[in-house]
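Thanks for asking me to look over this model.

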Amino acid sequence: QLAVSSKQLEVYPNPSSTIFYIKNADGKKKELYNVLGELLFSTKADEINVRYFAKGMYYIRCENESKKVIIE
C-alpha cells in the first residue's frame with residue numbers, strides 16, 4: 001500500500017494557546033469540534049484562532065480526516 005503522506009492533514013503547533021496552522025488542505029473547509037462533537041468554528045483559511053476557546057481537547061476536521069488537538 002502506497003503511503004501518501006504529503007496529502008495528510010497537518011496541524012501545528014499542537015498543543016497551542018493561540019493559533020493552529022493547517023497544512024495540506026488548501027481551500028478546503030476546516031472545522032473545529034469539541035469532544036462532544038459540537039461544531040464550534042468553520043473556515044476555509046489555513047489557520048484557526050483558538051485564543052478564545054477554553055483549554056482542553058478538540059478536533060480539527062477536514063473532509064474525511066480529523067486531528068486531535070490540544071488548546072492550552
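The points below go through the sheets, then the salt bridges, the aromatic pairs and a surface patch.

1. Ground rules. This is a predicted model, in which local features need pLDDT of at least 70 and side-chain atom pairs count only at pLDDT 80 or more, while totals for chains, interfaces and linings use all residues. Residues are numbered from 1 along each chain as its sequence is written, and side-chain values use heavy atoms, with hydrogens and water left out.

2. The three-stranded sheet. β1, β2 and β5 form an open antiparallel sheet in the order β1-β2-β5. Strands here are DSSP runs of E with at least two residues, numbered from the N terminus, and two of them pair if DSSP finds at least two bridges between them. The edges are β1 (10-12) and β5 (47-49), each pairing on one side only. On average, neighbouring strands of this sheet are turned by 20 degrees against each other, direction ignored; the axes behind such angles are lines fitted to C-alpha atoms, and angles between N-to-C directions run from 0 to 180 degrees.

3. Pairing around β2. Three bridges join β1 and β2 in the antiparallel sense, and these two strands form a hairpin with six residues between them. V11 has I22 in β2 as its bridge partner. Strand β2 (residues 19-23) is also joined to β5 by three bridges, again antiparallel. Across that pairing, F20 stands opposite I48 and I19 stands opposite N49.

4. The four-stranded sheet. The order is β4-β3-β6-β7, open and with antiparallel pairing. Strand β3 (residues 30-34) is joined to β6 by five bridges, and L32 stands opposite I60 in β6.

5. Salt bridges between separate parts. The structure holds four salt bridges, each defined as a side-chain nitrogen of Lys or Arg within 4 Å of a carboxyl oxygen of Asp or Glu. One of them joins E63 and K28 (3.7 Å, N to O). E63 lies in the loop between β6 and β7 and K28 in the loop between β2 and β3, so the pair ties together parts that are 35 residues apart in sequence. Another joins D46 and K30 at 2.9 Å, N to O; this pair links D46, in the loop between β4 and β5, to K30 in strand β3, 16 residues apart.

6. Buried means under 20% relative accessible area, exposed over 50%, and partly exposed in between (1.4 Å probe, protein chains only). K30 is buried at 0%, whereas D46 is partly exposed at 31%. E63 is exposed at 54%, and K28 is partly exposed at 30%. The salt bridge between K29 and E31 has an N to O distance of 3.5 Å; K29 is partly exposed at 45%, while E31 is buried at 13%.

7. Aromatic pairs. There are two in the whole structure. Among them, F53 and Y58 are tilted, at 6.3 Å centre to centre with 55 degrees between the planes. Rings of Phe, Tyr and Trp (its six-membered ring) pair if their centres lie within 6.5 Å; planes under 30 degrees apart are stacked, over 60 edge-to-face and the rest tilted. F53 is partly exposed at 25% relative accessibility, and Y58 is buried at 7%.

8. A nonpolar patch. V35, L36, M57 and I70 form a surface patch with about 360 Å² of accessible area together. M57 sits in strand β6 (residues 56-62). Areas come from the Shrake-Rupley method with a 1.4 Å probe. Patch residues have over 30% relative accessible area and no salt bridge, with like charges joined within 9 Å and nonpolar side chains (Val, Leu, Ile, Met, Phe, Trp, Tyr) within 5 Å.
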